Amino acid sequence: MSRSEFCCDCNVIHQEVVDKVLKKMPKDDTFLHLASLFKLIGDSTRCRILFALDQEEMCVCDLANVLNMTKSSVSHQLAVLRKSGVVRCRRSGKEVYYMLDDEHIERLFEIGLEHMNHKGR
């Protein structure tokens, strides 16, 4: 298909549709935060961490072993994810366990992964 097949050739404004969408349109800050979230989880290393944490809560040592990374590298990525509210942690004695922050993050990650598997990637 050529580019022109994807473009509208008319100058008609469907005001009802425009008004309906504008009424539901979130504030610009919402889109800035959403874009930041997608940028944050758009890193393949962080995606691997999210996958592991979607399976089980894990400590840094276990994550480093699963991901074949240094504890320092994993800790750095976890700090970024924790600061942004994507993961949280709990202390058990000397150990700190990480998990996805809530069911929204779980669903967001799982839906993205499902979409990639559906597309055969």
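L67 is found in helix 4 (residues 60-67); helices here are DSSP runs of H or I with at least four residues, numbered from the N terminus. L67 is buried, with a relative accessible area of 5%, where buried means under 20% relative accessible area, exposed over 50% and partly exposed in between, using a 1.4 Å probe and protein chains only. The model is predicted, so local features need pLDDT of at least 70 and side-chain atom pairs count only at pLDDT 80 or more, while totals for chains, interfaces and linings use all residues. Residues are numbered from 1 along each chain as its sequence is written, and side-chain values use heavy atoms, with hydrogens and water left out.

**L67 and I49**

- L67 touches R48 and I49, not counting residues up to four places away in sequence; contact means heavy atoms within 4.5 Å.
- The C-alpha atoms of L67 and I49 are 7.6 Å apart in space, and the two residues are 18 residues apart in sequence.
- I49 lies in helix 3 and is buried, with a relative accessible area of 0%.
- Leaving aside neighbours within four places in sequence, I49 is in contact with L63, L67, Q77, L78 and L81.
- From I49 to V66 the C-alpha to C-alpha distance is 9.1 Å, across 17 residues in sequence.

**Helix 3 against helix 5**

- The axes of helix 3 (residues 44-55) and helix 5 (residues 71-83) come within 10 Å and cross at roughly 80°.
- That makes helix 3 roughly perpendicular to helix 5; angles of 65 to 115 degrees count as roughly perpendicular, under 35 as roughly parallel, over 145 as roughly antiparallel and the rest as oblique.
- Helix 3 makes the contact through T45, R46, I49, L50 and L53, and helix 5 through Q77, L78, V80 and L81.
- The residues of this contact divide into 6 nonpolar, 2 polar and 1 charged, where Ala, Val, Leu, Ile, Met, Phe, Trp, Tyr, Cys and Pro count as nonpolar, Asp, Glu, Lys and Arg as charged, and the others, Gly among them, as polar.
- Axes are lines fitted to C-alpha atoms, for helices over the stretch in contact, with angles running from 0 to 180 degrees between N-to-C directions.
- Q77 is found in helix 5 and is buried, with a relative accessible area of 14%.
- Beyond four places in sequence, Q77 touches D43, T45, R46 and I49.

- On the helix 4 side V60, C61, L63 and A64 meet K71, V74, S75 and L78 of helix 5.
- The contact of helix 4 with helix 5 divides into 6 nonpolar residues, 1 polar and 1 charged.
- N68 is placed in the loop between helix 4 and helix 5 and is exposed, with a relative accessible area of 72%.
- N68 has a positive phi of about 55° although it is not a glycine.
- Most residues other than glycine have a negative phi.

**Largest pocket**

- The largest pocket has a volume of about 160 Å³; a pocket is an open set of points on a 1 Å grid over the protein atoms alone, where a 1.4 Å probe fits, with protein on both sides within 12 Å along at least five of seven lines.
- Its lining consists of F38, I41, C47, R107, L108, F109, I111, G112, L113 and M116, lining residues having an atom within 4 Å of a point.
- Helix 2 (28-41) and helix 6 (103-118) are the elements that give two or more residues to this lining.
- Helix 6 gives the most to the lining, with 7 residues.
- The lining residues divide into 8 nonpolar, 1 polar and 1 charged.

How values were computed: Grid points are joined across faces, edges and corners, and a volume is the space filled by probe spheres set on the points.
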